Amino acid sequence: MGAASGRQTIHPALARFLAWDDGTCRLLFIRAAAGTGREIFARSWIGNKVGEVLDWSGGDIDEATEVDLLVQRLRADATLHVAVILAPTASLWDLSSRTPCLVAKHRDLLLDASETAQLVGPGTAAERDEARLIHELSGGWLAATLALAADPQARPRAQQIIRSGLVIWLASRDPDGALSEAAFLPAYDRRTVEAFYGEFSPVVHTLDELVEAGLVQADGRGGWMMPAMVRKVLVERVGQRGRESTVVLEQAAVNAIAATRGVGAAVESAVARRSWQALLNMLLENWVDILMRNPKQLGVIAAKIPRFIANQTEYMRIGLRMLGQADRDGLALQLPGFEPDYATNQTAQRLHRDTVRLYAKPNTHALTVGILEMLHLRQSGFYPEAAAAAHRLREALHRALDAQRLNPALVSMVDLQAGITLQLAGRDAEARQAYEQGFHWARVSGKAFLLADVAGKMALLDVLEGDSGSAMRWLAKHDASIGEVGWGKVMVERTAAMARAFLALARLDYAGFDVEMGALPSVVDNDEFWPVHVQLLALQKLNAGIFDAARDLISSLRQERRYAAAAPLARRLFDDTLLLAEILERGGVRPGTGIENRDPLLVALGHLLGGNPDAALAALQEVPLTGGMRRRGNLVLYLDIAARNPRGPTPATLQRVKQQHRDSGVLYELAILGMVPGWSEVGRHLELDPEELQRLGYALDLAPTPLPRRPVLTVREQEVLRQLRAGMTRRQIAEADYRSENTVKSQMRSLYRKLEASDVEQALANARAWGL
């Protein structure tokens with residue numbers, strides 16, 4: 001036990017107070033709470049001089065009149081010293097203006113750390129530790145400090161001393177309770193205090209106000225603290241307003257610490273004070289920023305949340321599960337492993353109900369849950385439902401932006417994830433809108449992660465649509481930001497790398513294509529754009545002429561990833577690649593090949609190589625001819641020209657192709673056009689530079705030999721084909737045309753030969769395939 005005695009004769013704070021006193025003043029005003037040792041302070045100041053202590057703390061006197069009387073007494077007696085204990089409501093300005101005096105405020109009487117240590121007895125290490133603990137508890141309230149120093153078990157009595165004095169003190173010093181609200185802050189500095197009040201109060205109170213009121217004081221280590229027993233009284237006082245007010249203040253405190261001291265400090269504070277809802281809300285507000293720095297930190301934070309709290313919501317469980325998939329390169333998301341059944345997927349149904357409820361008044365919470373719903377649906381193979389969820393989420397986002405201020409990084413993340421969802425679902429036009437808005441908000445946020453990620457995905461979307469020029473512009477934006485990306489850089493670079501590989505193919509730069517492919521994994525992983533990676537690997541095999549290997553790759557992955565391969569983007573890419581393999585290996589689409597729902601441009605090319613321009617034109621009708629769509633660049637225009645000019649180019653068509661290529665063309669498009677019979681020399685008429693001409697020539701050397709051209713039937717053979725379609729027999733045809741059966745038999749034999757058929761059924765089927 002220290003050296004403090006129950007009866008203190010000299011107030012420990014007096015020496016500090018007198019350091020600024022020249023000894024000429026004989027009147028001392030003390031305005032401090034009961035329990036701070038104000039009577040002892042008054043007697044200590046008078047000491048062995050002639051004087052008296054007056055207690056006006058009851059507040060039932062006319063202070064101004066009494067001060068005037070005191071002044072007269074002091075003038076009459078040059079040796080008299082008077083110390084006056086004032087009521088908390090007394091106006092120091094008014095009283096001190098009447099005569100020279102000293103003023104001791106509440107904070108002047110609170111012991112600092114060193115004074116508490118001297119009182120307790122700073123001899124041994126144990127005594128120093130005890131003094132530090134007492135100071136952190138009592139904050140230098142003399143009566144409470146003495147009680148604790150005399151008996152460590154006297155905490156209840158010490159707490160009551162502070163409560164009794166502070167309640168009366170606050171009634172006048174903090175009538176509306178605004179300063180008391182600072183008790184919910186775990187740490188104090190100027191920025192944190194201002195950030196705290198800025199969260200909810202129209203009046204931003206300051207650290208100086210808290211110090212002046214004696215609620216916060218120096219901690220003896222260069223910082224500031226609120227004594228634990230003072231904090232308890234203030235929390236009790238604010239708590240009388242009700243739980244709703246407490247929740248607001250807990251949230252403001254966590255947010256203020258996050259804003260000024262970092263998310264880690266805010267988490268530690270919330271965990272220590274068990275402010276679980278405030279912690280969850282803070283994570284909802286800041287999770288995007290944490291994710292872009294290091295998602296593992298989110299996992300560490302989430303691990304500190306009690307399981308019973310985390311399990312209260314479906315979306316919290318999903319979020320924690322996804323965080324568990326993070327590694328140093330990015331998020332290794334799982335692909336669907338079970339047959340999707342939306343009607344029976346309880347998690348999907350609960351998330352849908354949550355978002356419907358939350359979207360009624362969309363905010364940060366609602367948008368976060370909406371993202372998690374989309375991610376769950378994508379990982380479960382519900383691609384159409386995920387696209388519908390993305391549409392609803394973006395509508396909620398627009399309403400939220402109209403109603404409140406949102407974190408730009410969160411807004412960008414919403415649009416980015418919605419864009420991915422819509423692109424995987426085959427809704428490219430909507431995906432483009434989402435990506436464009438996502439990039440706008442990424443610029444507002446200044447987050448390199450978002451800028452690089454959205455730009456890379458826009459580049460891939462453009463290159464898959466054949467707009468090489470736009471893809472290169474987006475890649476430039478990606479490159480401008482990727483250097484500043486830390487965690488997830490490999491993940492963010494993936495789509496940009498795939499876009500570059502496609503651009504190398506568009507330039508017919510096969511060596512460059514192989515280099516770009518070297519930047520991608522040699523084995524297909526779980527990146528959500530894995531179907532694009534598969535198509536690139538298949539194209540690499542097609543370029544080498546190993547068609548079976550390309551088909552086997554797609555077939556095996558379709559089998560291994562049955563449900564993920566059902567995504568509209570995957571289906572389209574795989575079907576188109578298989579059709580391209582058919583065209584390149586066999587020189588066109590043979591009669592009877594299933595081409596339903598395939599890329600109409602590839603279908604048109606197959607028909608052109610097979611000598612069926614009419615069928616090619618019919619296929620091209622399914623592709624918009626407007627330049628704004630940029631569907632596969634200029635290919636739709638080139639194939640349309642070739643179909644309308646089956647004998648080869650004319651000067652007018654060559655000029656049109658030349659102008660189009662000069663404006664926005666790539667060599668790949670000319671290579672496709674050059675495969676069409678009659679157009680193999682198109683490159684020599686376009687004034688290409690020698691290197692481009694060499695690349696084009698090499699590509700055309702690799703091109704397949706076209707299938708035999710469409711059969712040309714005589715008038716009589718066409719009539720026989722029509723009669724066969726009508727179900728007429730050879731005898732019926734002979735009788736109808738007044739010919740012998742032998743003549744009809746000879747005509748049918750010629751018809752079968754041209755149609756590569758051995759019987760009527762095959763002849764009719766092949767005729768349909770040729771468009772005859």
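Predicted model: local features only at pLDDT ≥ 70, side-chain atom pairs only at ≥ 80, totals over all residues.
Which side chain does the side chain of Thr116 make a polar contact with? Residues are numbered from 1 along each chain as its sequence is written, and side-chain values use heavy atoms, with hydrogens and water left out.

**Exercise 1. Describe the surroundings of Thr116.**

Step 1: find Thr116 in helix H6, residues 113-120. Helices here are DSSP runs of H or I with at least four residues, numbered from the N terminus.

Step 2: check the burial. Thr116 has a relative accessible area of 0%, so it counts as buried (under 20%; exposed is over 50%, partly exposed in between, with a 1.4 Å probe and protein chains only).

Step 3: look for the partner. The side chain of His135 makes a polar contact with the side chain of Thr116, at 3.2 Å. A polar contact is a pair of N or O atoms within 3.5 Å, one able to donate a hydrogen and the other to accept it.

Step 4: list the neighbours. Setting aside residues up to four places away in sequence, Thr116 touches Leu111, Ala131, Ile134, His135, Gly140 and Thr145; contact means heavy atoms within 4.5 Å.

**Exercise 2. Do likewise for Ser380.**

Step 1: Ser380 sits in the loop between helix H20 (364-379) and helix H21 (383-403).

Step 2: with a relative accessible area of 17%, Ser380 is buried.

Step 3: a polar atom of the Ser380 side chain lies 2.8 Å from the backbone oxygen of His376.

Step 4: beyond its neighbours within four places in sequence, Ser380 is in contact with Pro336, Pro340 and Asn345.

**Exercise 3. Work out how H28 packs on H30.**

Step 1: two packed helices are described by the angle between their axes and the distance between the axes.

Step 2: H28 (residues 530-543) and H30 (residues 568-586) pack at about 10°, with axes 9 Å apart. So H28 is roughly parallel to H30 (angles under 35 degrees count as roughly parallel, over 145 as roughly antiparallel).

Step 3: sort the contact residues, which gives 14 nonpolar, 2 polar and no charged.

Key: Helix = DSSP H or I, 4+ residues; strand = E, 2+ residues; numbered from the N terminus. Axes fitted to C-alpha atoms, helices over the stretch in contact; angles between N-to-C directions. Parallel < 35°, antiparallel > 145°, perpendicular 65-115°, else oblique. Nonpolar A, V, L, I, M, F, W, Y, C, P; charged D, E, K, R; others polar.
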